[in-house]
Amino acid sequence: MTVRFGAVTVDWLGLATIRLEGRTGAVVYVDPGPEEYDALEGEPRDGDLILVSHDHHYDPDSIRRVAREDALVLVHESIDAAEIDRVDEGPADLPYDVERVRDDESFVLGPLDLFTTPAYNDPAGPHVDESGSPYHLEGQGCGFGITIDGVTAFWPGDTDALPVHEGLDIDLFLPPIGGTFTMDRREAAALAERLEPDLVLPVHYGAFEAIETDADAFVVDVANRGVPVVLDDSESQ
């Protein structure tokens with residue numbers, strides 16, 4: 001299902017893979033993921049800008065499936081292929097213009113405005129493994145905000161709801177709701193209420209057992225808080 005919001009069309013393609021296209025033609029992919037988790041058909045190779053938030057979502061094959069030959073690829077500075085068992089190709093080896101980003105930047109790329117935010121699990125919070133270690137360490141990933149044709153979309157990354165999110169001025173909120181490794185649906189709904197975006201589209205759930213959740217309950221929760229919300233459930237089954 002394609003969601004149209006203002007001058008932007010949005011497709012959630014499974015797990016954290018999001019496609020944004022502006023009316024003026026710019027195409028952005030966020031965290032393109034392995035084929036087993038997405039609904040992407042073929043190899044569109046139409047992405048002008050590819051954003052990769054952290055090592056769990058770094059997949060060179062998927063980047064090649066979506067990126068134009070002249071694409072710009074932005075990856076978080078912490079990503080190191082040597083530390084990822086399933087890949088053997090680092091960002092610098094990709095045949096694109098690749099730039100590293102921190103988790104506290106803002107910049108302009110042609111007609112697009114971008115910013116990044118920290119993304120991590122609080123060591124004192126619920127999203128930790130059996131040893132008590134956060135699934136995502138501070139400094140090891142980021143969220144992305146991007147303004148396309150006047151619409152600011154925000155994907156916070158694989159993260160808890162954090163103080164840094166408070167006060168962000170965004171139009172489209174794309175929160176993870178699967179829990180376990182990220183904020184769960186209740187935490188995401190509470191954050192949506194505080195951010196007051198014009199639309200919420202949940203992602204990062206249902207791809208495998210650990211992130212299964214009741215997306216319909218999330219929609220009801222957010223709507224009851226007075227925030228517009230839409231559900232793209234093409235990948236939640």
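1. A pocket, as used here, is an open set of grid points where a 1.4 Å probe fits, with protein on both sides within 12 Å along at least five of seven lines, and its lining residues have an atom within 4 Å of a point. Keep in mind that this is a predicted model.

2. On to the largest pocket: it holds about 270 Å³ of space. There are 15 lining residues, and Leu15, His56, His57, Asp158 and Phe208 are the ones nearest its centre. Sorted by class, the lining comes out as 7 nonpolar, 5 polar and 3 charged residues.

3. Is Ser53 buried or exposed? Ser53 sits in the loop between β5 (47-52) and α1 (60-66). Its relative accessible area is 0%, so Ser53 counts as buried. The Ser53 side chain makes a polar contact with the side chain of His54, at 2.9 Å. Further off in sequence, Ser53 touches Asp31, His76, Gly141, Cys142, Phe144 and Trp155.

4. Now the cores. The largest nonpolar core has 50 residues, and Val10, Ile18, Leu20, Val28, Leu49 and Ile146 make the most contacts inside it. Helix α2 (residues 185-195) supplies the largest share of this core, 5 residues. Apart from this core lies another one of 19 residues, including Val73, Ile79, Ala81 and Ile84.

5. What does Leu20 touch, leaving aside neighbours within four places in sequence? Leu20 is in contact with Val8, Thr9 and Val10, with Ala26, Val27 and Val28, and also with Ile146, Ile148 and Ala153.

Definitions and conventions:
Residues numbered from 1 in each chain as written. Predicted model: local features only at pLDDT ≥ 70, side-chain atom pairs only at ≥ 80, totals over all residues. Heavy atoms only, no water. Core = buried A, V, L, I, M, F, W, Y, C linked by side-chain atoms within 4.5 Å. Buried < 20%, exposed > 50% of the residue type's maximum accessible area, 1.4 Å probe, protein only. Helix = DSSP H or I, 4+ residues; strand = E, 2+ residues; numbered from the N terminus. Contact = heavy atoms within 4.5 Å. 1 Å grid on protein atoms, 1.4 Å probe; cavity = no way out; pocket = protein on both sides within 12 Å on 5 of 7 lines; lining within 4 Å. Points joined across faces, edges and corners; volume = space filled by probe spheres on them. Nonpolar A, V, L, I, M, F, W, Y, C, P; charged D, E, K, R; others polar. Polar contact = N/O pair within 3.5 Å; in protein donor to acceptor, adjacent residues only side chain to side chain.
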